[in-house]
Amino acid sequence: MTDIAVHPVPRPAAPFAVEADPPSLIGLSRDALGAALAEIGVPERQVRMRVAQLWNWLYGRGVADFGAMANIGKDLRTALAQRFTIARPQIVSEQVSTDGTRKWLLRFPPRGAGRPVEVEAVYIPEEDRGTLCVSSQVGCTLTCSFCHTGTQRMVRNLTAGEIVSQILLARDRLGDFPDAATPVGAVIPNEGRRVTNVVMMGMGEPLYNFDNVRDALLTVSDGEGIALSKRRITLSTSGVVPEIPRAGEEIGVMLAVSLHAVRDELRDVLVPINKKYPIAELLAACRAYPGLSNARRITFEYVMLKDVNDTLADARELVRLLRGIPAKINLIPFNPWPGSSYECSDWEQIERFAEVINRAGYASPIRTPRGRDILAACGQLKSESERLRARERLALEAMIPAGEG
Ligand code: SAH
Ligand code: SF4
C-alpha cells in the first residue's frame, strides 16, 4: 500500500493540446469529418476517400500528428493542421497501483469561455482482459450518497472527442497502437491488445450526456477503427429511465444498472434519482431493453454497504425483483474514500449474499476491488483529488479491511 508510483508526466511541446485549441477532429462521425474536409476545400469527389484515410490514421493507427499521415499530401496535411487539431489531452499524472491498475488524471482544454477541465480514466489489467474505465462528465449532477464523484460539483459534459480521447490515450500509453514502422494500409490485428473492454463507469452519468456518449461509443465500436465489439463495451447508468430504450436502440452496447437497493425508501437515499424514477419503472425499462436475451444480459450493480443493504432478506428480494430479466448481478464491495460515511460489508456476509443469488440461478460475481490505494476503484474518482496527500493516504489505509484492496 505504501509503494504508490506517481509519475508526473512532462508535457511534450507538441502535439499536445494548448489553450484556445482549434476544433478537434477526434470523435466526429464520418459525415462530420467529411464536412470538416469540405470546409478546407477538399473536392467533393475526394471526401469519402480522405475520410477513410483519416479514420484509419486516427483510430486504426492512433497517430496524434497530421505530419505522420504518409498517404495524405503535404498541402492537405498543412491545411488540416492550420484549421484543426488531433491532439491528445494533457496527462497531469499517471498513478500505478500495487495491483497494476493505472489511473490517469487528464486535462482537456477549455471550451468557449470555460476553463480547462480534468477527469480520470482507469485501466484494470486482468488475466483474460484489460478494461478501461472511461468518464462521461466532469463531476456529476447526481449525488449518490456512497460515491466520491457525487461530492464533486458538475462542471460540464465531455464532448464525444474527449470521451474517445481517453481510449486513444490509454492505448498510446499501453502500446496498443501499431508503431510507425507498420506499412501504410497494413491490416492491424486485434490480438494481443491491452485494452479489450471499455466500461462507461468513470465520472458522471453517461445517459445525462447521451448524444456525446452515443457518438463516442459508435466511433469506438466502428469496425474500421478501434473496432471494439459492442459486447465488450458496457454503459452503466444510475437509472435514467427515459433514456434506457434509446441507449439500446441507438448505441446497442451492454447495459449495467446501478440498483444498490431493493426498496424505494432506501434507494431514494442511496441513489437519489430513484425519487424521480423508482425501482418499478426502472425494472420495467430493463425488461423492455432492446436486444435483451440470455446471451445479452443486463448487469445489475449492487454496492455492499454494511448494515445498510446487505441482509439475506435483501438478497432474496433482489432475486424476486429481477425474476424474468436476463441478468447477472455484480456485487461491488464498497470502496471507501476520505469523508465517506459507509462501511464495506464483511467479506463473509458478501459471500452469503452472493450464495442466495447464485442458488436462484444468477451469476453473481463479486467485483474484486482494484486500485484502491490510488483511489481508482469504483466510485472513488474525483478530479479535484489530483494526488493523495500523505494524510489522506493514511486515512484510506485505515479504512480498508486487512487483506483487501
Ligand atoms: N454514474 C454511473 C456510472 C459510474 S459509477 C452509475 O452510477 O451507474 C460505476 C459504479 O460504481 C456504479 O454502480 C456506482 O454506483 C458504483 N459506485 C459508486 N461509488 C462507489 C463506491 N464508493 N464503492 C463501490 N461502488 C461505487
Ligand atoms: Fe453520479 Fe454514478 Fe456517482 Fe451516482 S454513482 S453520483 S450517478 S457517478
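Analyst: For residue classes, Ala, Val, Leu, Ile, Met, Phe, Trp, Tyr, Cys and Pro are nonpolar, Asp, Glu, Lys and Arg are charged, and the others, Gly among them, are polar. On that basis, the shell around ligand 2 holds 4 nonpolar residues, 3 polar residues and no charged ones. Its members, each with a heavy atom within 4 Å of the ligand, are Cys140, Leu142, Cys144, Cys147, Gly150, Gly204 and Ser238.

This is a predicted model, in which local features need pLDDT of at least 70 and side-chain atom pairs pLDDT 80 or more, while totals for chains, interfaces and linings use all residues. Residues are numbered from 1 along each chain, chains are lettered from A and ligands numbered from 1 as written, and side-chain values use heavy atoms without hydrogens or water.

The protein chain has 11 helices and 12 strands, taken as DSSP runs numbered from the N terminus (helices H or I, at least four residues; strands E, at least two). Of its 405 residues, 55% count as buried, that is, under 20% relative accessible area with a 1.4 Å probe on protein chains only, where exposed is over 50% and partly exposed lies in between. Among contacts (heavy atoms within 4.5 Å) with a separation of 6 or more, 69% join residues 24 or more positions apart.

In H9, residues 312–322, the buried residues are Asp314, Ala315, Leu318, Val319, Leu321 and Leu322. Viewed along the axis of H9, these residues fall within an arc of 165°, so they line one face of the helix; the arc is that of the directions from the helix axis to the C-beta atoms. The cover over the buried residues of H9 includes helix H8 (279–287), strand S11 (298–304), strand S12 (327–333) and helix H10 (347–359).

In H8, the buried set consists of Ile279, Leu282, Leu283, Ala285 and Cys286. Their arc around the axis is only 155°, which puts them on the same side of H8. Against these residues pack helix H6 (244–251), strand S10 (254–258), helix H7 (264–270), S11 and H9.

Asp307, in the loop between S11 and H9, has a positive phi of about 60° although it is not a glycine, and at 68% relative accessibility Asp307 is exposed. His260, in the loop between S10 and H7, likewise is not a glycine and has a positive phi, of about 70°, but His260 is buried, with a relative accessible area of 4%. Just after H9, Gly324 adopts a positive phi of about 90°.

Further along, Asn335 lies in the loop between S12 and H10 and is buried at 4% relative accessibility. Beyond its neighbours within four places in sequence, Asn335 contacts Pro369, Arg372, Ala377, Cys378 and Gln380.

Elsewhere in the chain, Val199 belongs to strand S8, residues 197–200, and is buried with a relative accessible area of 13%. Setting aside neighbours within four places, Val199 touches Thr131, Leu132, Cys133, Val134 and Thr234. Its C-alpha lies 5.7 Å from that of Ile233, 34 residues apart in sequence. Asp215 in helix H5, residues 210–221, is partly exposed at 32% relative accessibility; 187 residues separate Asp215 from Leu28 in sequence, while their C-alpha atoms are 7.6 Å apart.
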